[in-house]
Amino acid sequence: MKGPTAPKDPTKKRSSLYIMLDRNIAGIPGSDGSCRDSNFMEGRLIEQVKGICGDVTEDILKLLEHTDGILQLVHSIGVSITAMNEDEKDENVEFTMQCYGKVDKYATGTNVKATCPCNGEEVMIPICESGINDKDDIIGAFHYDFPGKCRSAIVTLKFYLNDGYHVPEIEVDPPVDFTSGPYKKMIERSLLRLGNTRRLKKAIQKAKNGDKVVIAYIGGSITQGAGAKPIDKKSYAYISYRAFCDAFTEDGGANVQFVKAGVGGTPSELGVIRYEKEVTDYGTIEPDIVIIEFAVNDEGDETKGVCFESLVRKAANSPNAPAVILNFAVFMNEQNLEDRLVPIGEHYDLPMVSVKAAVVPQFGQDTVITKRQYFYDIYHPSNDGHQVMADCLSYLFQQADKSDMPEKDSDFVKEPLKGNEFENIILVDAANIDSYGEVAHSGFDYEDTELQYVERDENFFSTPEFEHGWAKAHGTKDAVFSMKIKCKNIILVSKDSGDPNFGKADVYVDGKLALTANPLANGWNHCNPQIILNENISGDHEVKLVMHPGDEEKKFTILGFGVTLE
């Protein structure tokens, strides 16, 4: 009888860098029938590695900056994917590591692909067989394409290092205990200010009475649900809305409407323009509670707080007088803009919640949740992080319910702290320009369908932002756009892109150059607001846009304008 064949000696275990560790992923349906999750890495890879792996030497981190260094450092890529549902573990997910090219980042970059079973088996991709070459520049994104059946999974992604390179092994964190005493104390720290709860208590009482209540969230990508898998049901906004329903309604919240208006990469300078369209649906929705989250997006606010305060007052001074809550998220580097924004909340005695105040102190000692657990990437929370954010808001709701009813409301018409000149701003685009002014153009009649898409409200699918704009096609010469309107300030909203076929445009107001808009400055497809006029008195103005010399034949998309008429 023949005995068992002895196995080969085990392969030498290589030192490895974790890019993702037990991270939730979930496919989002695309308009083309695809179902994909993406993790964008441009400018983030090094901080992502530092956040997960901790003590990594600078010489190794530097090699991650570009693909030539990665070819030197990395031996192979390890990808393991485990389906969330047992009956989906026989499915496969298509993994792609997208490199951005040096010349045309989307066209000349290498796509490193592998088919990964959803049973947790690690798939190894030797870097020497990946096809990465000297035309590649950086790692731009990791994509996960799901089959028709499987929709959510957990992924671990590692870079195994070549001989001669070594990093310390990391210790895997124990699961977060969301019921422990230390966790509850951490959540309690998030309550920066209970503030004047008169409006919030009225909304809670309406919910208890079974009356209709609308709870709305406006902010950036974190409010959109970035990092939450799936994005529609695991975002902090949705979880805290459900907690509100569970706490204050008898029928599971049938009388409570959820409005989510988060848009990635955008500051309150855009949020104040989006408010009527995406929160109130031009007056057809009347929120009882408005939660504002821009603490990690407002570095791009040109007004350094004026637009944020204008948004606070716009919401608070709505006819139905909703409760306004300020919600402060945090980046992995432990930074946000509370120093700028908290004084605005104090000025109006607003309820304020800070996840920074909750989690940052315990990252160093007496840890309840680690950075690896809290963050999905360097900017966005993971599912655990979104749960923490939701629990912080839920704690505020509970404390407001217990508090005494204030005798009078906060004063939202008093002198502003920083400014309120954009409080009455409205969105003007091709759908409504005839009501406010007149437009004449030549060459700006192209339909741009490659807009920024976001998931709104309870939707799992995404829909376009600012779909009623004016666009110029590639190759069109002598294009001119002109708008005449009576107003006192104007914010141009244009499309940013990573497509090199987009070009710069010169924007003139009343014959003077206001700015040169460069859609390639930020390098990705999103909505970019820029102030082109800001005066104290309303007057007749003309906006004219022509392509910058040298870019005459390139594309440009005007998404709309934020305008204060009087």
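## Questions and answers on a predicted model

Modeller: Let's start at one residue: Asp349 lies in the loop between H10 and E15. Helices here are DSSP runs of H or I with at least four residues, strands are runs of E with at least two, and both are numbered from the N terminus. This is a predicted model, in which local features need pLDDT of at least 70 and side-chain atom pairs count only at pLDDT 80 or more, while totals for chains, interfaces and linings use all residues. Residues are numbered from 1 along each chain as its sequence is written, and side-chain values use heavy atoms, with hydrogens and water left out.

Biologist: What makes the phi of Asp349 worth a remark?

Modeller: Its phi is positive, about 55°, although Asp349 is not a glycine. Most residues other than glycine have a negative phi.

Biologist: Is Asp349 buried, exposed or partly exposed, and how do you know?

Modeller: Buried means under 20% relative accessible area, exposed means over 50%, and partly exposed lies in between (1.4 Å probe, protein chains only). Asp349 has 26%, so it is partly exposed.

Biologist: Where is Asp457, and what is its phi?

Modeller: Asp457 lies in the loop between strand E18 (453-454) and strand E19 (463-464). Its phi is positive too, about 50°, and it is not a glycine. With 27% relative accessibility, Asp457 counts as partly exposed.

Biologist: Back to H10, then. Which of its residues are buried?

Modeller: In helix H10 (residues 338-347), they are Glu338, Arg340, Leu341, Val342, Ile344 and Gly345. These residues pack against strand E10 (191-193), helix H9 (306-316), strand E14 (323-328), strand E15 (352-354) and helix H11 (355-364).

Biologist: What makes you call H8 largely enclosed?

Modeller: Of the 12 residues of H8, 11 are buried, so the rest of the structure largely encloses this helix. Among the buried ones are Leu270, Val272, Ile273, Arg274 and Tyr275.

Biologist: How do you know that H8 falls short of a straight helix?

Modeller: The expected span of a helix is 1.5 Å times one less than its number of residues. For the 12 residues of H8 (268-279), a straight helix would reach 16 Å, but the end C-alpha atoms are only 14 Å apart. Just after H8, Asp281 takes a positive phi of about 50°.

Biologist: Why is Phe142 called buried?

Modeller: Phe142 has 0% relative accessibility, so it counts as buried. It is found in strand E8 (residues 136-145), and among the residues it touches are Ile19, Asp37, Phe95, Met97, Leu157 and Phe159.

Biologist: And how do you know that Leu393 is buried?

Modeller: The value for Leu393 is again 0% relative accessibility, so Leu393 counts as buried. Leu393 sits in helix H13 (residues 383-402). It touches Tyr217, Tyr236, Ser240, Ile291, Ile325, Asn327 and Val353, leaving out residues up to four places away in sequence. Leu393 and Tyr241 are 152 residues apart in sequence, yet 9.2 Å apart in space, C-alpha to C-alpha.

Biologist: What makes the bond between Lys229 and Pro230 stand out?

Modeller: That peptide bond is cis, with omega about -5°. Most peptide bonds are trans. Pro230 has its place in the loop between helix H6 (221-224) and helix H7 (236-248).

Biologist: Now for the whole chain. How many helices and strands are there, and how compact is the chain?

Modeller: There are 13 helices and 25 strands. The radius of gyration is 25 Å, close to the 24 Å that the globule rule gives for 566 residues, so the chain is as compact as a globular protein of that length. That radius is taken over C-alpha atoms, and the rule is 2.2 Å times the number of residues to the power 0.38.

Biologist: What share of the chain is buried, and what share of the contacts is between residues 24 or more positions apart?

Modeller: Of the 566 residues, 57% count as buried. Among contacts with a separation of 6 or more, residues 24 or more positions apart account for 81%.

Terms used:
Contact = heavy atoms within 4.5 Å.
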